[in-house]
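This briefing goes with the structure shown below.

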Amino acid sequence: MSEKKIRVLMSKPGIDGHWRGGIVVSRAIRDAGMELIFGGFQNVEQIVESAIQEDVDVIGLSIHSGAHFAYTQQIIDLLKERGVLDNFMILLGGIVPAQDFSKLKEMGVANIYGPGSMTRDIIEFIRENVKR
Amino acid sequence: MFDKNYLEKVREEKEKWEKLYESLKERDVKFVTDSEIPIKNLYTPLDIKDKDYVSDISFPGVPPYTRGVYPSMYRGRLWTMRLFSGHGTPEETNKRWKFLYENGETGFSAAVDALTFNGIDPTNKDAAAEVGTSGVPLYCIDSLFALTEDIPIDKISVALVVEPFTTAPVCSMYFNMAQMRGYDIKQLMGTTQNDILTMTVGYIPYKNSPPNHILRLACDFIEWTVAQKNVPKWHPINFTGYNYREGGIDAVQELGFVFASACSHIDNLIERGWKADDFVGRLAFHLSAHKDFFEEIAKFRAARRIWYKLMKDKYEVKDPRNLGFRFHVQTAGSSLTAQSPKINIVRTAIQALEANLGGCQSLHTNSYDEAICLPSEEAVLVALRTQQVISDETKIHNTIDPFAGSYFIEWLTDEVEDRVWKYIDKIQKAGTIDKALSSGFLYKEMRDAFHKRRMRLESGDEIMLGINKYPVPYDTVTDVFRTNKEAINIEVRRIEKLKARRDNAKLEKILDKLRNVCEKEENVMPTVMEATKEGATVGEVCNIYREIWGTWDPPLAI
């Protein structure tokens, strides 16, 4: 294991303003000693560009608008197109029904955090599964 | 309120009781309210001995309005049952509204999608995936016709839940639609949320203009509808503490935010040359009914008294009709869980009771699937029936303000009031509400509040059944309501049809006039009324704001 800190991009695809979940998780990531890159509102191209430029390990997406399939697919497609999909762990948090989890995982999302998730579980998952 | 000798007797008896109590062990929990007000084991006449019934509590419909804003309250007229509702397309939302109306709903409330909220047209590819997913898309006047088709908008009030950045385009579409249908907008009843704090600290705005312009837009609407009497029966603003309360602040902060914000709006209109009496009677509020049963009831009672004092003492309001604090309540979405969703029905029923016992004018009850999707028809009917169980079966409204005179409730009402005054002071020290936003002060207050709440949940100090006590796996309602995937295509076609029909040269001239109005910082309403009548979309109007005033990235605190 390298000494380099785990780097996490926290991004909000689209225009929906439900931000609290993303901010709470961002704080937890920072408090856990990881490097937080807070992307804020970003479109698909900006998310992929930030992930590459910032050399992050994790792309964290916060989606509360119900548009989780659309945005996640667009981001994964662009990462594939750029040939960098395998460089990142993709995590998704927000209002995502449990019925959608298996399809999202098949698409390439490492894990999904719905309402009522605990930040400590997110941190633990990143630590144990990050690709280094 | 009590005779001195009698109080002495009470004190003696209480000392005896305290001896009994001392020998007993209390459970290992903190006895504090949700706002962390310490609560004693018992309240007696001693706790309210300095109160004066006539001046501090008095009668409903009479200053200081502690017991209610109208003399007869629910004996005269029940609260309005108004469910916040919208999804997919205006046609689908119209169908849902009719379903609710047929089942006894007595007011409508439009939940709009993220594009309508932010003034973005569906042709924007960064936003297209969100058309209709979190509310109804209302991008042009045709959408308003579809939304209200066959609905008697002259008889039933409609709340348009849009914020200052899109208030003028969306509401002008509504007013133009009503006029084209032959209604006199001077008789039209309804509410616009038009709340600067909702779209800055409640939600985070996407490419909206800076707060000073947003505050001015909110005040433009109050001025044009009510002060200038174009739509005099409208409630031009609904200070929506509910939305930031959902973000983690407590009951005291909720009232602090709404009153500080209200003062900034009143001051702005007074600077424009109006008197408070010209408009304050139409200002409305939207509060949360959260988890702490007694604290919420005390909060509603305290809010009426604070507003009365603000209006009378600070703004020297003369007309007694302008002193009353009228409010809508929404039960607390953030108290609900996706885990074991049926428990949400119980939570919502208890919170609805708080709102009714606190004397609300209008109420939204959340659906049990709130934590996971927009409400299904089955879930929304349970939510409406919850209010009807209270109104038709419980008999709670036989008498007005039944908690008055409770030693505890009167003490807690005072305690909440004292703390709110102090918090209003703290916010006002940060400047007018637009300055408290741009300096980042309110963002820090929000951050501190929701991290504290999160820590309480993670440590188990605050209990949520299904989450941190008796946890159940993330299991959702059987049927997850999904919005119409075709909405994007339907809405793009709607706008294309409108654009093909309208007189683009004429519209361009009106939009140029709007540029000029924005540069001079004059009231935008008359010109936006002209623009949307000619077929301007919400995005076209908001793009002019962006062009003239720029956009703003809020100073988020993590």
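**Helix packing, interfaces and backbone details**

The axes of helix H19 (residues 504-520) of chain B and helix H20 (residues 525-533) of chain B come within 9 Å and cross at roughly 160°. Axes here are lines fitted to C-alpha atoms, for helices over the stretch in contact, with angles from 0 to 180 degrees between N-to-C directions. This is a predicted model, in which local features need pLDDT of at least 70 and side-chain atom pairs count only at pLDDT 80 or more, while totals for chains, interfaces and linings use all residues. Residues are numbered from 1 along each chain as its sequence is written, and chains are lettered from A and ligands numbered from 1 in the order in which they are written.

**The H19-H20 pair of chain B**

- H19(B) and H20(B) are therefore roughly antiparallel to each other (angles under 35 degrees count as roughly parallel, over 145 as roughly antiparallel, 65 to 115 as roughly perpendicular and the rest as oblique).
- The crossing of H19(B) past H20(B) is left-handed, a term used if the near helix is turned anticlockwise from the far one by less than a right angle, with right-handed used if clockwise.
- On H19(B), the contact is made by Leu507(B), Ile510(B), Leu511(B), Lys513(B), Leu514(B) and Val517(B); on H20(B), it is made by Thr527(B), Val528(B), Glu530(B) and Ala531(B).
- Two residues are in contact if their C-beta atoms, placed from the backbone, lie within 7 Å.
- The residues of this contact between H19(B) and H20(B) comprise seven nonpolar, one polar and two charged (Ala, Val, Leu, Ile, Met, Phe, Trp, Tyr, Cys and Pro count as nonpolar, Asp, Glu, Lys and Arg as charged, and the others, Gly among them, as polar).
- Helices (H or I, at least four residues) and strands (E, at least two) are DSSP runs, numbered from the N terminus.

**Chain A against chain B**

- Chain A gives 30 residues to the contact and chain B gives 33 residues.
- Two or more residues on the side of chain A that touches chain B come from each of helix H1 (20-31), strand S2 (35-42), helix H3 (68-81) and helix H5 (119-129) of chain A.
- H1(A) gives the most to that side, with six residues.
- By class, the side of chain A that touches chain B has 14 nonpolar, eleven polar and five charged residues.

**Domains of chain B**

- An automatic or database domain assignment supplies the bounds, dividing chain B into domain 1 (4-47) and domain 2 (54-459).
- The C-alpha centres of domain 1 and domain 2 of chain B lie 36 Å apart.
- Their contact takes eight residues from domain 1 of chain B and eleven residues from domain 2 of chain B.
- Three nonpolar, three polar and two charged residues make up the side of domain 1 of chain B that touches domain 2 of chain B.

**Backbone details in chain B**

- Pro63(B) and Pro64(B) are joined by a cis peptide bond, with omega about 0°.
- Pro64(B) lies in the loop between helix H2 (53-57) and helix H3 (73-76) of chain B.
- Tyr65(B), also placed in the loop between H2 and H3 of chain B, has a positive phi near 65° although it is a residue other than glycine.
- Tyr65(B) counts as buried because it has 24 C-beta neighbours inside 10 Å (buried means 20 or more other C-beta atoms within 10 Å of its own, exposed 12 or fewer, and partly exposed in between, with C-beta atoms placed from the backbone).
- Met73(B), in helix H3 of chain B, is not a glycine but has a positive phi of about 40°.
- With 20 C-beta neighbours inside 10 Å, Met73(B) counts as buried.

**Gly358(B)**

- Gly358(B) is in the loop between helix H13 (343-357) and strand S9 (362-364) of chain B, and counts as buried with 23 C-beta neighbours inside 10 Å.
- Not counting residues up to four places away in sequence, Gly358(B) touches Glu296(B), Ile297(B), Phe300(B) and Arg301(B).
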